[in-house]
Amino acid sequence: MFATGSGAFYIAVSLGVVAAALGLTWVVLRFTPLEPPFDFGAVDALIGIVYGVLLAILVLFASQHYTATLDHADQEATALNDVYKSAGTLQPAVRDTLRHEVVCYAREKIAFEWPVLRKSSGAGSPVVFARTRQLNQTVEKVARANPDSLIVSTLFESNLKRGEARQLMLEDSRPQLPLPLWFVVLIGIGIIVFLLAIRYWREPAHLVVVLVMSLLLLLSMVGALAELDRPFAPTIGLQPRAMDSVLTNVVQSSSSAASVLRPCTPL
């Protein structure tokens, strides 16, 4: 839950920044001749507008990252389903071999690669890498044996799209927001808390109210931003629904083909 880069991680860091800002406020008021009340109206307005625009842009960017990842997951599942369908016109032995590999790919994608994607490292499952190589070899062998077949050409193109979508998903699993932007977000929280604290320091009740209200909003934004930037992370992470759907359809359409649905042998 508190993994580096997670929403909980950045919320905890933000709370540390808040504590530092409150400490700085105490130091300023204790060891400098400054005395409240202070009028930071223009500064507050400027910082509020700039910081609000920054957060809006970052949340939009992270949302687009999340949506793109969902699209790539759907594209991979759709392309895999197309491979399965295109294999239907091949010779029975080749057809069943290829379809079995499609079934194994879907099973291994869900069982082995999805947990790896949740780590947000950009890595994939060695099991799925091995299955991908086997699937590619089978498709290429079929394509070489039938160079003029339109159906085989569709099969080949579908497999290419599957591989491209999977590669994009691996890249999507990594957070896209650079650390300097996170630094700006956290510094912004510190500045806002400092300005609020130094204004209301002599009015504890008002200080508590404005800090609680402000931090509820800011910390919620920080947490949502971090989680959206890790599309496969456990909190709001994507589920392999598209691949599950493909596997379900394949199983239902292959109910009489035991060779297609037999257990998968590790490669």
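Start by selecting Glu76, Lys109, Glu113 and Arg166, which are linked in a network of salt bridges. Keep in mind as you go that this is a predicted model. A search of the whole structure turns up seven salt bridges, and this tour visits several of them.

**Stop 1: Lys109 and Glu113**

Zoom in on helix H3 and show the side chains of Lys109 and Glu113. Both residues sit in that helix, four residues apart, or about one turn. Their side chains meet in a salt bridge, with an N to O distance of 2.5 Å. Are these two residues buried or exposed? Both Lys109 and Glu113 are buried. For Glu113 the relative accessible area is 0%.

**Stop 2: across to Arg166**

With 4% relative accessibility, Arg166 counts as buried, because the cut-off for buried is under 20%. Setting aside neighbours within four places in sequence, Arg166 is in contact with Glu76, Tyr105, Lys109, Glu113, Gly124, Ser125, Val128, Phe129 and Thr132. For a sense of scale, draw a distance from Arg166 to Ala21: the two are 145 residues apart in sequence, and their C-alpha atoms are 44 Å apart in space.

**Stop 3: Ser120**

Next, go to the loop between H3 and H4, where you will find Ser120. Check its backbone torsions: phi of Ser120 is near 55 degrees, a positive value in a residue other than glycine. At 11% relative accessibility, Ser120 counts as buried.

**Stop 4: the largest pocket**

The largest pocket has a volume of about 210 Å³. Which elements give two or more residues to its lining? They are helix H3 (92-117), helix H4 (126-145) and helix H5 (150-172). The largest share, four residues, comes from H4. In total, 13 residues line the pocket, and those that lie nearest its centre are Leu90, Val94, Val142, Ala145 and Asn146. Selecting those five is a handy way to centre the view.

**Stop 5: Glu227 and Arg230**

Move on to helix H7 and pick Glu227. Glu227 forms a salt bridge with Arg230, and the closest N and O atoms are 3.7 Å apart. Glu227 is buried, with a relative accessible area of 8%, and Arg230 counts as buried as well, at 6% relative accessibility. Show what surrounds Glu227: not counting residues up to four places away in sequence, Glu227 touches Ser6, Gly7, Ala8, Ala233, Thr235 and Ile236.

**Stop 6: Asp229**

Select Asp229, in the loop between helix H7 (204-228) and helix H8 (241-253). Which side chain of opposite charge is nearest to Asp229, and how far away is it? It is Arg230, at 7.6 Å. A salt bridge needs a nitrogen and an oxygen within 4 Å, and Asp229, though buried, has none. Look instead towards His65: the side chains of Asp229 and His65 make a polar contact at 3.2 Å.

**Stop 7: Leu238**

For the last stop, stay in the loop between H7 and H8 and select Leu238. At 7% relative accessibility, Leu238 counts as buried. Neighbours within four places in sequence aside, Leu238 is in contact with Tyr66, Thr69, Leu70, Trp114, Arg118, Pro231 and Phe232. Finish with one more distance, from Leu238 to Arg202: the two lie 36 residues apart along the chain, and their C-alpha atoms are separated by 47 Å.

Technical notes:
Residues are numbered from 1 along each chain as its sequence is written. This is a predicted model: local features need pLDDT of at least 70, side-chain atom pairs count only at pLDDT 80 or more; totals for chains, interfaces and linings use all residues. Side-chain values use heavy atoms; hydrogens and water are left out. Buried means under 20% relative accessible area, exposed over 50%, partly exposed in between (1.4 Å probe, protein chains only). Lys and Arg count as positive and Asp and Glu as negative; His and the chain ends are not counted. A polar contact is a pair of N or O atoms within 3.5 Å; within protein, one must be able to donate a hydrogen and the other to accept it, and residues adjacent in sequence count only if both atoms are side-chain atoms. On a 1 Å grid over the protein atoms alone, a cavity is a set of points where a 1.4 Å probe fits but cannot get out, and a pocket is an open set with protein on both sides within 12 Å along at least five of seven lines; lining residues have an atom within 4 Å of a point. Grid points are joined across faces, edges and corners, and a volume is the space filled by probe spheres set on the points. Contact means heavy atoms within 4.5 Å.
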